[in-house]
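Open the structure in your viewer and follow the stops below in order.

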Amino acid sequence: MPVISVAPVSAPAVPRASLEDAQTRAKQAVAEFKQQARQERQGVKAALTEVRTAFAEMGKYVNSARNRAGHSNAREALARDLRGIRNLDANAPLRLKDEGLKSERIKSRESSSVWKRCVGYGKATRSGQVQALATRHGIDLAAHGGKVTRNGLWIAQLQAADNDVIIAQSAFDRKSATLGSALGKAVSLLKAPDASITAPGGEGARTADIPSTDSLLTRLRTGVAADVRASAGEVPLADARSLFKTPLMDAFNKRIDDARASLDDNVARANEALRRFDRQTRIDERAPALVGLVKADPIERERHTVLLAAELNKLQDEWAFGTVFGTNMGCRAVQNMCRDTEYELDGASIKNEIEERKGPETFLRGEKSAAYQLTSYANSLDSSTVNAIARVQRQIGLNHFADGDFPQTSYRQATHTPAMLNTLHEMVRTGQLLRPEQFLSTATRVEDTRAYPLIPTVGSSALIEFRIKGFSGMPLASRYPFAGERWERVYTHLSTFKVVSVEEQHHAHVVTLLEVPASAAQLKAATLLTR
């Protein structure tokens, strides 16, 4: 690729301290808002509880007034009598006959006996029974042509219901001050125009959407009338808090949610400004070390990274390289190829190793084509492909490093000779670069490095735990992982590190490595990390 030197980008004009201050203020605003919103919600909850209590008292008072007036009892008596005469003619005159043993029955005024009707026998008695029925239900016989009919009883029932409603509404009006006060408090809290609980630039809950206290009282009064008209007995009045479900509660919650979202956006913008500042700072600081190693223009570099990723995928034949490297035989072969030592790799042996550990059915059914792809790739893998993978991965890492990406931390445990340990100690002082002589497998979790016991090689007695911060780690995973194995981050033999520190802890020597970009000359001169 053509190499263009990287010119340092000018530092951001806004000091970092100002961005940090803006971030702190934004977070503090969110904390204060959460506390205030919590207090508002608690206030609304208490106000709605007060509304419920006031309305419950209203219900008791209304029902008590109805019971004193007696209209409820009259309605129940009329309803009971009407159920008993539903088969009689609607306009036939009726009477209330006493049948003894405290038993009464409404019958047609005319006797069922023909001779009694002809001679007028018992007429006076039947007239008295008509009067008894009229008196029972408060019907003025003179106003109704001297007779009581089923239709007349039905009209009397409607009138009794109207009177019951009038009593209930009068009682409601007498008791409405307490309920109105509770409603007014709830309304004022729900539509509070507190600027701190309203999104900047927003209107919060629109006043037009919020009913007044008087309109809420009117709705409740109308609801009480409907409840009373529907039932002659004591009615369990609906919970007045339901009035606040919409639009008041929706508007209240929206106002708070919008304000919180706005404040969260401020925090996100402050965080993003700091991230951009820090990224640009890293880009500026890294630029001198990347002269001649990456493309200068960020857009060209991004395109180049995309092309390199496609090339790497082709070199690895998608998942095939990671699967080969995940086997014992494949790993040994790749490590020998890194040292340009030819190693003949047999695809069938790779397949057999996987079947031995995963089971003979691994490559049956839908995996037959995968078995062919794996064995073909393993048979063709050689040192030139391995070195090409390393070169492409190194360049991808350098591009990400130039873009200001954070280094990624991973871990590795290995045994090395005392001489290698001494060399690492010395490199902390000299700053000499370190380069692996082969692919360096690392884990993203330190506990994964301790999951498998180490087998010391000849002359290796120093247990070293590497903590690596790098930018060119290549994620690799097998298509057929063995039990407990996770994907790993692999640094190639073309990556270079500074030895930051070597510390002796109770279980191992802890060596911290920091990956740094290196020219071809520096790469060649780097000390090899060997056993």
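How many residues of strand S3 (residues 408–416) are buried? Select S3: 7 of its 9 residues are buried, so the strand is mostly covered, where buried means under 20% relative accessible area with a 1.4 Å probe and protein chains only. Strands are DSSP runs of E with at least two residues, helices are runs of H or I with at least four, and both are numbered from the N terminus.

This is a predicted model, in which local features need pLDDT of at least 70, side-chain atom pairs count only at pLDDT 80 or more, and totals for chains, interfaces and linings use all residues. Residues are numbered from 1 along each chain as its sequence is written, and side-chain values use heavy atoms, with hydrogens and water left out.

His416 has Ala462 as its bridge partner in S6, and Ser410 stands opposite Ile468.

Then show strand S10 (residues 509–515), which runs parallel to S6 and is joined to it by 6 bridges. One place to look is Glu465, whose bridge partner in S10 is Val510.

Now move to helix H2 (residues 71–84). Its buried residues are Ser72, Arg75, Ala77, Leu78, Ala79, Asp81 and Leu82. These buried residues pack against H1, strand S2 (104–108), helix H4 (123–137), H5 and helix H6 (213–230), with contact meaning heavy atoms within 4.5 Å.

Note on methods:
Buried means under 20% relative accessible area, exposed over 50%, partly exposed in between (1.4 Å probe, protein chains only). Two strands pair if DSSP finds at least two bridges between them.
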